[in-house]
Each structure stands twice: as C-alpha cells, then as structure tokens.
Amino acid sequence: MTVVPRRLLPAELAALDGWPAGRRTARDWAADAGLFAFAVIIAVEQAAAYPPAGADFVPAWLVAVNPWVAAVACLALWWRRRHPTGLAVAMIGALALSGSAMGAAMVAGLTVAVHRPWGRAAAVTGAYLLVCGYYGLFADPPGCSGRCCWPRCC
C-alpha cells in the first residue's frame, strides 16, 4: 500500500489524516495558482480584443473599466474556497461589466458546481447564461453590417 504525503492531498482529505482543519495543502496551492493563471490568461486575451467585432453597442466607459474589473475578478479567485457561492454571485456583476472576466467567472462557477448542491450550481449557471445571452442576442456576427436575420448571416 502506497502512503501519500498529507501535503499532496486536498485539504478536506488531509484534515481526516491529522492536517490542521482549514489549512491549504501544497496541492491546494498548486490548484489555486493554476486556476488563477488560467483566469489571467483568458482575461489578457479577451482584453486585447475588447470590444469584440460587432459589439458597436458597447459604450466607451465600459471599454475603459473592462481590464480593471477583470483584474479584480481574477484576484478575487483567491477567496473562492472560503466563499464559493458569494464569489460566484459577485462574478455575475463582474461578467456584466467585463467580458474579460469570463475566465474568472468560469472558475467561480466550476467551484460552486463541485462544492455546493446542484440547485445552487444551476442557479449560478442560469444567471451566467442570462448575462452572456445578452451579448449573443444583440451583437452582430463578425463581418455583418446591420442586423442579420437568424439563422442566415449577411
């Protein structure tokens, strides 16, 4: 039988084996750093191409706050283990203000889906879809001028 060092276990399992409750293990820190890096990469890529093609309805002030909201959303991910549902609800507002916060919102939504009951996860996912659906309904596909009739493009 192979014995796994406590620092390589998730904190919930390590606590059963004598690790201090609530303290993150090395595995937790690595997972958090990886998810933070993922969110930052998505934010940088999205901010470079913001506003997306066809989004003429985006006001100038929203373009100005986009990278700052995304930066705060990414930094807030460090509290996702302690307050997963509250963070996911806050990400709804961040996502409404910043398309570049998409990576952070995905990580927060995943955390709720993994660690909370399915009803809460479904509610958070539904709210995310409402916010993202707004762009899908009002933005023209790239290369189109004026409103196109779905399902055909101009």
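A: Helix axes here are lines fitted to C-alpha atoms over the stretch in contact, with angles from 0 to 180 degrees between N-to-C directions. Helices are DSSP runs (H or I, at least four residues), numbered from the N terminus. The model is predicted, so local features need pLDDT of at least 70 and side-chain atom pairs pLDDT 80 or more, while totals for chains, interfaces and linings use all residues. Residues are numbered from 1 along each chain as its sequence is written, and side-chain values use heavy atoms, without hydrogens and water.

The axes of α2 (residues 26-48) and α3 (residues 60-76) come within 10 Å and cross at roughly 175°. The two helices are therefore roughly antiparallel (an angle over 145 degrees). In contact (heavy atoms within 4.5 Å) are F36, A39, V40, A43 and A47 of α2 with N66, A70, C74 and L75 of α3.

R80 lies in the loop between α3 and α4 (84-97). R80 counts as buried because its relative accessibility is 7% (buried means under 20% relative accessible area, with a 1.4 Å probe and protein chains only). The R80 side chain makes a polar contact with the D32 side chain at 2.7 Å; such a contact is a pair of N or O atoms within 3.5 Å, within protein one able to donate a hydrogen and the other to accept it. Beyond neighbours within four places in sequence, R80 touches D32, L35, L87, V107 and T111.

L87 is also one of the buried residues of α4, which include P84, T85, A88 and M91.

Technical notes: Angles under 35 degrees count as roughly parallel, over 145 as roughly antiparallel, 65 to 115 as roughly perpendicular and the rest as oblique. Buried means under 20% relative accessible area, exposed over 50%, partly exposed in between (1.4 Å probe, protein chains only).
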